[in-house]
Amino acid sequence: MNATVAMILALAVGTYAFRLVGPALHGRVELPARVQELLSAGAVVLLVALLATGSLTEGGGFAGWARPAGVVVAGVLAWRRAPFVVVVLGAAVATAVLRMAWAA
């Protein structure tokens with residue numbers, strides 16, 4: 001067994017263990033309200049960081065203005081409670097129109 005396979009198996013076992021810990025400890029461990037607030041804020045910060053890196057960068061550099069504009073359009077449509085299909089199509093159309101405008 002080479003090192004790559006061993007690492008994949010270790011990560012798989014660790015991931016499975018993390019998935020089991022939640023249901024196993026539910027109701028047995030109580031977190032203080034402050035810790036719950038910090039965990040909620042931390043989750044939001046991680047999602048915003050993922051959104052920023054995914055929408056602003058490509059190949060280690062700036063992705064251009066079309067992609068962030070599409071993300072903004074999707075955010076506005078989601079905020080206005082548009083259906084999911086409308087959010088996705090709105091973002092795609094906005095991005096495509098801006099890319100065509102810059103290419104022309």
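Tutor: Helices α3 and α4 make a right-handed crossing. Keep in mind that this is a predicted model.

Student: At what angle do the axes of α3 and α4 cross?

Tutor: At roughly 150 degrees, and the axes come within 8 Å. Over 145 degrees counts as roughly antiparallel, so α3 is roughly antiparallel to α4.

Student: Which residues in α3 and α4 meet?

Tutor: From α3, A66, R67, A69, G70, V73, A74, L77 and A78. From α4, V86, V87, G90, A91, A94, T95, L98 and R99.

Student: How does the contact of α3 with α4 split by class?

Tutor: There are 11 nonpolar, 3 polar and 2 charged residues.

Student: Now α2 and α3. How do their axes cross?

Tutor: At roughly 140 degrees, again coming within 8 Å. Helix α2 covers residues 33-56, and α3 covers residues 66-79.

Student: Why is that pair called oblique?

Tutor: Roughly antiparallel needs an angle over 145 degrees. The α2 and α3 axes cross at roughly 140 degrees, so the two helices are oblique to each other.

Student: Who makes that contact?

Tutor: L51, G54, S55 and L56 of α2, with R67, P68 and V71 of α3. By class, that is 4 nonpolar, 2 polar and 1 charged.

Student: New topic. How many aromatic pairs are there?

Tutor: There is 1. The ring centres of F62 and W65 are 5.1 Å apart, and their planes are at 70 degrees, so the pair is edge-to-face.

Student: Is W65 buried or exposed?

Tutor: W65 is exposed, at 57% relative accessible area. F62 is partly exposed, at 49%.

Note on methods:
Residues are numbered from 1 along each chain as its sequence is written. This is a predicted model: local features need pLDDT of at least 70, side-chain atom pairs count only at pLDDT 80 or more; totals for chains, interfaces and linings use all residues. Side-chain values use heavy atoms; hydrogens and water are left out. Axes are lines fitted to C-alpha atoms, for helices over the stretch in contact, and angles run from 0 to 180 degrees between N-to-C directions. Helices (H or I, at least four residues) and strands (E, at least two) are DSSP runs, numbered from the N terminus. Angles under 35 degrees count as roughly parallel, over 145 as roughly antiparallel, 65 to 115 as roughly perpendicular and the rest as oblique. Contact means heavy atoms within 4.5 Å. Ala, Val, Leu, Ile, Met, Phe, Trp, Tyr, Cys and Pro count as nonpolar, Asp, Glu, Lys and Arg as charged, and the others, Gly among them, as polar. Rings of Phe, Tyr and Trp (its six-membered ring) pair if their centres lie within 6.5 Å; planes under 30 degrees apart count as stacked, over 60 as edge-to-face and the rest as tilted. Buried means under 20% relative accessible area, exposed over 50%, partly exposed in between (1.4 Å probe, protein chains only). A crossing is left-handed if the near helix is turned anticlockwise from the far one by less than a right angle, and right-handed if clockwise.
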